[in-house]
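Student: I'd like to learn how to read a structure like this one. Could you walk me through it?

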Amino acid sequence: MQFNKFITYKQFGNQAVLIAWPVKIDEVILADILQFKTKIHIAFQGEIQDLIVGYNSLTLIFKEDIIDFNSIKEKLQQLYHQVTNVTPQENYIWEIPVCYDVTFGIDLKEMSTNLRLSEQEIIHIHSSTLYTVFFIGFLPGFLYLGGLDKRLHFDRKPKPRLNVAKGTVAIGGKQTGIYPQQSAGGWNCIGKTPISFFDINKELPCFAKAGDKIKFTPISKKEFDAISAKVVHRKFKLIKSVIHA
Amino acid sequence: MLKVINPGIYSSVQDQGRFGFAHIGVPVSGCMDQVAANFANCILGNSLKDAVLEFTFGLAKLEFLSPTIICISGAACAPKLNAASVAMNTPISIQEKDVLSFGTVSEGIRTYLAVKNGFQTEIKLASKSQYQHITTSASIQKNDLLYFEAFTKPLTHSNAKLKLDLSRFSQNELPCFEGPEFYLLSKQQKQLLLHTSFTISNDANRMGYRLNKEISNQLTPIVTSSVLPGTVQLTPSGRIIILMKDCQVTGGYPRILQLTKEAIAVLSQKHTNQQISFKSVDFFNSSITY
């Protein structure tokens, strides 16, 4: 609740309110956004169609057109201050197996030359960081992850590839991410996970949510194939652990 | 049920959209011209939530395998039932084996077909709207069988006297609100944006419409935040993109304007090389001058 003076409220089109925090990518802001989101979810139950989290924003999309923005703004401002004993959402650390074999990590060599790190070092640095899920956007199931080590920052390709395979783990500028489905993309491919980040046939199509954390675990090509087979038959269980606040 | 003999250039099943899944990155989708779709559903006494077919540039051919009542609305496309011309925006009785075909579009580009009680196609994440990787197919394909319940009774709850408003087909002005980053624009940029017209480029589809003219732009990209159907973005190169129903849920370009819901319907009937202009309105729908 420490951002009170810095939060702005704006009407965004017929049906939405954009709540913005200071422009900064920061886990303290994320925690504040998520806490506010939980309170809003309860206070406006039934009135809200969607809640979109961004790095420094929370967008409330109402089911109906907004008639009186000022009264909504006042209600939100009061709500922000309110001390409630709402149980915060439970967040997890997800262990994601990644095969960094050169068959998938097709840009490891180029990165290695340019970053003056061996491929092994790149893999080691990439897989020893705990990444924070800030939000999900761009494509269904695409996680915006924070925490990429500065040593691995590497510009996007000047010309995007037309087909990046589903599950590809990649680096684009200061970010790392996983392609949840085959798509065009300009990020540098360093590996591939057999895990599906968006499965339309599951009750929860995307297991991860804002506030969760991701840990990449290196696996061999052989393990990749074994896990892939289990994933197909829905026999693979992801390892997760609860994050204690 | 009906069988798709020819899906035309781009056709899909759409309803009002897929709500409540933006937090996992799922676009809203839904009818581009919701006004036209609502009209067709209303004429048949359907729920506004009922799924319809959306055709782009006409030219489709469908064979009905069950009787029903239909209504065709949106872009005029010289529809024919078997060999005879039929009217748009009015209920039409359909018998088994009837063939409905569309010619080329003459006004607007998106035509809607509603059947009594709506299409009963697959539901994914609480919506029938087709979208890549969400529904089995992103669009209607040749030989697809699209289900609806046969209907043989006369229409009892018809709203056939509903007033038809076709003014949006000749309207080039898009009413819009200021976007969250509008205030960052210079006076000259605001002038250009709101007092000159723009041409739609050939990159215009259900995801978004790119405009041709460039506005000199020194704004830095924003940190990724929400975008909505109707959000007008200014890219670093100065090109304007108007996001439409299949747009992503987040984006990193400054959001300079936000189309009203009505303006989205107006734009959805426009295509490449047509001119549009933005008209700033406040949240009480009165115009603002800059």
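Student: Where do I begin?

Tutor: Begin with confidence, since this is a predicted model. Where pLDDT is low, the predicted coordinates should not be read in detail. Here chain B has an average pLDDT of 93, and 96% of its residues score at least 70. For the complex, the predictor reports an ipTM of 0.90 and a pTM of 0.93.

Student: How many helices and strands are there in chain A?

Tutor: Chain A has 5 helices and 14 strands. Its radius of gyration is 20 Å, close to the 18 Å that the globule rule gives for 245 residues, so chain A is as compact as a globular protein of that length. Along the principal axes, its C-alpha atoms fill a box of roughly 60 × 40 × 35 Å. Of the 245 residues in chain A, 38% are buried.

Student: Which domains does the assignment give for chain A?

Tutor: The domain assignment gives domain 1 (4-81) and domain 2 (92-242) of chain A. Their centres, taken over C-alpha atoms, are separated by 30 Å. Where the two touch, domain 1 of chain A supplies 7 residues and domain 2 of chain A supplies 6. On the domain 1 side, helix 1 (residues 27-43) of chain A gives the most, with 3 residues. By class, that side has 5 nonpolar, 1 polar and 1 charged residues.

Student: And how many residues does each chain bring to the contact between chains A and B?

Tutor: Chain A brings 33 residues and chain B brings 25. The elements of chain A that give two or more residues to its side include strand 1 (8-12), strand 2 (16-20) and strand 4 (57-62). Strand 3 of chain A has the largest share, 5 residues. Counted by class, the chain A side holds 20 nonpolar, 11 polar and 2 charged residues.

Student: Is helix 1 of chain B largely enclosed or open?

Tutor: First, the general idea: an α-helix has 3.6 residues a turn, so residues three or four places apart point the same way. In this case, 8 of the 10 residues of helix 1 (residues 34-43) of chain B are buried, so the helix is largely enclosed by the rest of the structure. Among those buried residues are Phe39(B), Ala40(B) and Ile43(B).

Student: What do the buried residues of helix 1 of chain B pack against?

Tutor: They pack against strand 3 (52-56), strand 5 (68-76), strand 10 (107-115) and helix 3 (261-268) of chain B. Just after helix 1 of chain B, Gly45(B) adopts a positive phi of about 70°.

How values were computed:
Residues are numbered from 1 along each chain as its sequence is written. Chains are lettered from A and ligands numbered from 1 in the order in which they are written. This is a predicted model: local features need pLDDT of at least 70, side-chain atom pairs count only at pLDDT 80 or more; totals for chains, interfaces and linings use all residues. Helices (H or I, at least four residues) and strands (E, at least two) are DSSP runs, numbered from the N terminus. The radius of gyration is taken over C-alpha atoms; the globule rule is 2.2 Å times the number of residues to the power 0.38. A residue is buried if 20 or more other C-beta atoms lie within 10 Å of its own, exposed if 12 or fewer, and partly exposed in between; C-beta atoms are placed from the backbone. Ala, Val, Leu, Ile, Met, Phe, Trp, Tyr, Cys and Pro count as nonpolar, Asp, Glu, Lys and Arg as charged, and the others, Gly among them, as polar. pLDDT is the predictor's confidence in each residue, from 0 to 100. Domain bounds come from an automatic or database domain assignment.
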